[in-house]
Amino acid sequence: AIMIQSQIFGVDHLSVANSLHNLGNCYRDLCEFDKSAECLTKSLALLSQNYGVDNEDVADTCNCLAETLISRCELDDAITYLERALAIRRKKLGALDLNIASTLYNLAMVSQTKGNWSNAMKYGKEALRSQRMTVGDNSPITLKTLECIGRVHRDKRDFEAAIQCFDKCISNGKTLLNLEVGGIHDFRGETEMAREMFLKAALHVGDKLSLSVRQPGNEGSLDMTNLASKFQSQKEQTNDQYLLKLGENVMSYGLALVSLQHFNEALECFRFSNNIFQAKYGSDHLRIAETLHRTGHVLEKLGERSDQLHEALDLLTEALRIRKLHLVESHPDVEETLLCLGKVHHRSGNIRYALDFFCAAVTARDSRLGRKSLRIND
């Protein structure tokens, strides 16, 4: 269609811009993010050339391009396009327009990811207020924003507010957030409650992966046998555009298994997910950092052999490099990896290095939360 339109109307025509916009969105849905960014960038240039800077079509393409850049983990560039879209939409649309709320949500989510919690809360609350007034408390888009706000509260260790947000989402079907609630209970030493939440999350993801065993009269159990071969079989039967979703489900299953102390099985999950993420995202993406960190964390837990500790050290060092590329120094994910590196060095007998990483982790935490939040167990 683009070739025909270009021949009939010329390469700078609006019909070409609209087709490029639609094609870019299709490529993003297919997880072909580089092609998506290329099409949307060309579309934006043509729209700006034809309409100028203050046009809703320009704003829409800015927002779509930002979503693609978020998928590529180009967060700073995504924020630039989202701010441009928001400025146009505030001029052109009513205050309660859901397109404004969509851009506000994207800004909140990216700000939370990067560790700019004040902006995340500001944008998130404005989006939530608009969404509640237009589509109601239980709409999926409202719940997405509420989940984002819950993650900000979690990062700032305002746990009661975080649980309140997550519980509302869970009651409306977002069962996987039991992982977040379980993590808070575990942090506070509420072991039984944490285990209950982790098991609910594991069974939920296990259902998606055909790994939960449901029997009348009980809550179900987990099938953890031959996970690698089962995952590989599912991968071979999965269309390419759905592979990232498979990787995310396996990743979530691994997180639940770690929390339930099934370390070897979790390790299989993280290695499988990492292979998918590496193929789809490339080496500097935050999802790669997450799988590397989780794999290193499990190896530290299992690390009775020096080769396990050496691998953990390599993986965690790379995870830290990636996280520092994208996140602020005080981010809880950076702190988490620093702390884990300290533990690996401590188990390896490298006490001086261990102290350096522990001190760096404390500095990150103090910068974010202040000394009053010191966790004695750490």
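View 1. The model is predicted: local features need pLDDT of at least 70, side-chain atom pairs need 80 or more, and totals for chains, interfaces and linings use all residues. Numbering runs from 1 along each chain as its sequence is written, and side-chain values use heavy atoms, without hydrogens or water. The side chain of Glu 335 meets that of Arg 157 in a salt bridge, 3.8 Å from N to O (a Lys or Arg side-chain nitrogen within 4 Å of an Asp or Glu carboxyl oxygen). Arg 157 is partly exposed, at 21% relative accessibility.

**View 2. Arg 89 and Glu 56 form a salt bridge.** N and O are 3.3 Å apart in this side-chain pair. Again distant parts of the chain are linked: Arg 89 belongs to helix α5 (residues 75–92) and Glu 56 to helix α4 (residues 56–71), 33 residues apart. Glu 56 is partly exposed, at 22%.

View 3. Glu 196 has 38% relative accessibility and counts as partly exposed. Lys 200 is also at 38%, and is partly exposed.

**View 4. A network of salt bridges links several residues.** Its members are Glu 147, Arg 151, Arg 154, Asp 155, Lys 174 and Glu 180. A search of the whole structure gives 34 salt bridges. Side chains of opposite charge can pair when their charged atoms come close.

**View 5. His 297 is buried in terms of accessibility.** His 297 lies in helix α15, which covers residues 286–302. Its relative accessibility is 18%, which means that His 297 falls in the buried class. Which residues does His 297 touch, leaving aside those up to four places away in sequence? Val 258, Leu 316 and Cys 340 are the contacts of His 297 (heavy atoms within 4.5 Å).

**View 6. Leu 98, Val 135 and Ile 141 make a nonpolar surface patch.** The patch has about 200 Å², with areas from the Shrake-Rupley method and a 1.4 Å probe, only the protein chains shown counting as cover for residues. Patch members have over 30% relative accessible area and no salt bridge; nonpolar side chains (Val, Leu, Ile, Met, Phe, Trp, Tyr) are joined within 5 Å, like charges within 9 Å. Where is Val 135 in the chain? Val 135 occupies the loop between α7 (117–134) and α8 (140–155). Val 135 is partly exposed, with a relative accessible area of 35%.

Methods. Helices (H or I, at least four residues) and strands (E, at least two) are DSSP runs, numbered from the N terminus. Buried means under 20% relative accessible area, exposed over 50%, partly exposed in between (1.4 Å probe, protein chains only).
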